[in-house]
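Please read the points below with the sequence and the model side by side. They are meant for someone meeting this structure for the first time.

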Amino acid sequence: MPLIQVKVIEEVFTPAQKREMVTRLTDAMVAIEGEHLRPYTMVTVEDVRSGDWGVGGRSLTTSDVHALAAGKK
């Protein structure tokens, strides 16, 4: 039974976007493993507190991610 774990920085994605992640990641896995395993394919989306995520030795915050998404960094 596949388990797909996704970690995102808090307050970056809306609840609707997180639901879309679950749906699309499940669909991607089912495309590989077959439809018969859809009921057993699990996806978790976990929020990581702003500043508790590090990249290249630097903490990444919610506002940093919003700036990156807007093309400002």
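1. The buried residues of α1 pack against β1 (3-9) and β2 (42-48), where contact means heavy atoms within 4.5 Å, and helices (H or I, at least four residues) and strands (E, at least two) are DSSP runs numbered from the N terminus. This is a predicted model, in which local features need pLDDT of at least 70, side-chain atom pairs count only at pLDDT 80 or more, and totals for chains, interfaces and linings use all residues. Residues are numbered from 1 along each chain as its sequence is written, and side-chain values use heavy atoms, with hydrogens and water left out.

2. Lys18, Met21, Thr26, Val30 and Glu33 are the buried residues of α1, buried being under 20% relative accessible area, exposed over 50% and partly exposed in between (1.4 Å probe, protein chains only). Seen down the helix axis, these buried residues fall within an arc of 155°, taken from the directions from the axis to the C-beta atoms, so they line one face of α1. On the other side of α1, Arg24 and Ala31 are exposed.

3. Which residue just after α1 takes a positive phi? Gly34 does, with a value of about 105°.

4. Glu11 is exposed, with a relative accessible area of 63%.

5. Met42 lies in strand β2 and, at 41% relative accessibility, counts as partly exposed.
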